[in-house]
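Please read the following points alongside the coordinates.

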Amino acid sequence: MVFKISPKEEFHITERMTYRKDNKEINCGFLWKTGNFVTSHPPDFLATYEESIGLSLGNQDFSEVNLSSEGQKLIYFSETTPKDEQTALRAIFEGSKTTDDFDIGFQHKGWQLVDMDVVMWGELSVNAA
């Protein structure tokens, strides 16, 4: 049996990446309108689920992740990142059509991807399909 897990409210799924260079950090990604995680295992982890913390793709065995085509791009910089560098990196991020586009752009500027995850939070809906 297949189980689809999705948030009951829109914009409760985020795809986030963390990049580092020296003492600087970028947190960026997407806030997706809708989506779901699919698993063939009964979702027994829901007994300990905390709505404010959410459900991390990296911590579970999901066979599929579906994300809507509608979303918002988000980018944040550590205070140690100079404003001129933020401007250049923001231009790369905003001008990118895919995750690979800005990933390549950031790496060419010396930034390394150190973490990536998809997280769903809030009240969840679980449907057996």
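1. In this predicted model, the count of aromatic pairs comes to 8. One of them joins Phe 30 and Phe 102, whose ring centres are 6.2 Å apart and whose planes make an angle of 45 degrees, an arrangement that is classed as tilted.

2. The placement of this pair along the chain deserves a comment, because Phe 30 belongs to strand E3 (residues 24–32) whereas Phe 102 belongs to helix H2 (residues 99–108), so that the contact ties together parts lying 72 residues apart in sequence. Both partners are shielded from solvent by the accessibility criterion, under which a residue is buried below 20%: Phe 30 counts as buried at 9% relative accessibility, and Phe 102 counts as buried at 0%.

3. Phe 102 also pairs with Phe 93, and here the centres are 4.9 Å apart with the planes at 65 degrees; because an angle over 60 degrees counts as edge-to-face, the pair is assigned to that class. Phe 93, with a relative accessibility of 0%, is likewise counted as buried.

4. Phe 93 has a further neighbour in Lys 73, which lies over the face of the ring at 5.6 Å from its centre.

5. Taken together, the ring pairs link Tyr 19, Phe 30, Trp 32, Phe 93, Phe 102 and Phe 106 into a cluster, and the two pairs described above, Phe 30 with Phe 102 and Phe 93 with Phe 102, share Phe 102 as a partner.

How values were computed:
Residues are numbered from 1 along each chain as its sequence is written. This is a predicted model: local features need pLDDT of at least 70, side-chain atom pairs count only at pLDDT 80 or more; totals for chains, interfaces and linings use all residues. Side-chain values use heavy atoms; hydrogens and water are left out. Rings of Phe, Tyr and Trp (its six-membered ring) pair if their centres lie within 6.5 Å; planes under 30 degrees apart count as stacked, over 60 as edge-to-face and the rest as tilted. Helices (H or I, at least four residues) and strands (E, at least two) are DSSP runs, numbered from the N terminus. Buried means under 20% relative accessible area, exposed over 50%, partly exposed in between (1.4 Å probe, protein chains only). A charge sits over a ring if NZ of Lys or CZ of Arg is within 6 Å of the ring centre and within 35 degrees of the ring normal.
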